[in-house]
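Biologist: I am new to this structure and would like a close look at a single part of it. Please start from one residue and then go on to the other local features.

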Amino acid sequence: MTFQADLNQLGRAGADALRRQDHGAARALFEQVLAARPQDVSAWYGLALARRGLGDEAGQMTALDQVLGFQPGHLPALLMKADHFAARGDGRAAAAFYRAVVARAPAFETLSPDLQAAVRRAESESARYTEDYEAHLRGALSKAGFDPAGSSRRFAQSLDLLLGKKQIYFQSPTAFYFPELPQRQFYERAEFPWLAELEAKTEVIREELLGVVRDDLAFRPYVQTNAKRPPNDYGDLLDSLDWSAFFLIEAGVEVAENAARCPQTMEALRTVPMSHAPGRTPSVLFSLLRPGARIPPHTGQINTRLICHLPLIVPEGCALRVGNETRPWTLGQTLIFDDTIEHEAWNTSEQLRVVLLFDIWRPELSLDERDLVAAMLAAVDSYGTAP
């Protein structure tokens, strides 16, 4: 019998001793293996079990640390440390290890029944500690004067992020990123004084829209195939009227025929500080989403503008998600958002959803920066074009 075979036999004997609950014999056998093979993860874990059975907590922790040093994702070792800290009343440490079990577990169906049960238990314990942690935080904050309904919206969101209730999203433009701009998902209507004048004309704009909607041929697919560009991943919405548009201004150019059909809408837009980049912006359109349609998560091209939706036809069951926040559309109340943060929209109703969509410069950009961005975009568009 070879030396390695002898060591393997000692390891099996140690495991047999554990099954017999002869923890002293198991400890001696695993220590023999480790004296010759100090990187043997199975032997370190067996030694941890033996030392636990002997009531040697310090020795158990030392052995577990060796296991995790060699194999950080060793689920039984993570779970044993979690249980150890839970038994000692160290909820913070216990929660960290229970979360690690859940986070590092491979696909559930690939686990043995024992490990599946271990992961389920870790999920349950992690959820319990999370609830306890949240109650502790909210209790302390309440004593400090925090009111979820009336205090800072930004702080409330930061608390949700801390507790893992929301995911962090960042700007991710597909074409051009302007640095040092705030990572804001939605802007509030009160930040734009000119908006009240536009919203006051909602009913007039809506009447013109209803006249357009009655024309079945007025709208065209919002996402269309472009032979000069790779296809966008919009699934069934590519070349589909389920998400369709009636442009009043497209890529900075007024669509005369369409604008003529909506003169009061065009007049209402005169005071809007839209972004102007020849050949690119502004774009103004009635954006229509048919019943059952869902726009998949995606991001816009440039982060120097904001997208505005003035809701005109908004049945129940329609909403817009930008990053980790979802808002419904409300008739006449504009939603302003950064479309370079992942967003999606849906219409689960049995009616049309239509908004007036337009884009404005981000307020953080100086006038010089706006001019430079417009010049840069014009240069981009002029590159490589046929004469």
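Which residues does His74 touch, not counting residues up to four places away in sequence?

Modeller: This is a predicted model, in which local features need pLDDT of at least 70, side-chain atom pairs count only at pLDDT 80 or more, and totals for chains, interfaces and linings use all residues. Residues are numbered from 1 along each chain as its sequence is written, and side-chain values use heavy atoms, with hydrogens and water left out.

With residues up to four places away in sequence not counted, His74 touches Val41, Tyr45, Val67 and Leu68; contact here means heavy atoms within 4.5 Å. His74 sits in the loop between helix H4 (57–70) and helix H5 (75–87). Helices (H or I, at least four residues) and strands (E, at least two) are DSSP runs, numbered from the N terminus. His74 counts as buried, at 12% relative accessibility. Buried means under 20% relative accessible area, exposed over 50%, and partly exposed in between (1.4 Å probe, protein chains only).

Other loops hold backbone features to look at. Most residues other than glycine have a negative phi, and most peptide bonds are trans. Gln21 has a positive phi, near 65°, and is a residue other than glycine. Gln21 lies in the loop between helix H1 (3–19) and helix H2 (23–36), and is exposed, with a relative accessible area of 61%. Ala251, also not a glycine, has a positive phi of about 50°. Ala251 belongs to the loop between strand E3 (243–250) and strand E4 (253–254), and is partly exposed at a relative accessible area of 25%. In the loop between helix H12 (263–268) and strand E5 (284–289) is Pro282. The peptide bond from Thr281 to Pro282 is cis, with omega near 5°.

The axes of helix H6 (residues 91–104) and helix H7 (residues 113–143) come within 8 Å and cross at roughly 140°. Axes are lines fitted to C-alpha atoms, for helices over the stretch in contact, and angles run from 0 to 180 degrees between N-to-C directions. That angle makes H6 oblique to H7: angles under 35 degrees count as roughly parallel, over 145 as roughly antiparallel, 65 to 115 as roughly perpendicular and the rest as oblique. In H6, the residues that meet H7 include Tyr98 and Arg99, and those in H7 that meet H6 include Glu123 and Tyr129.
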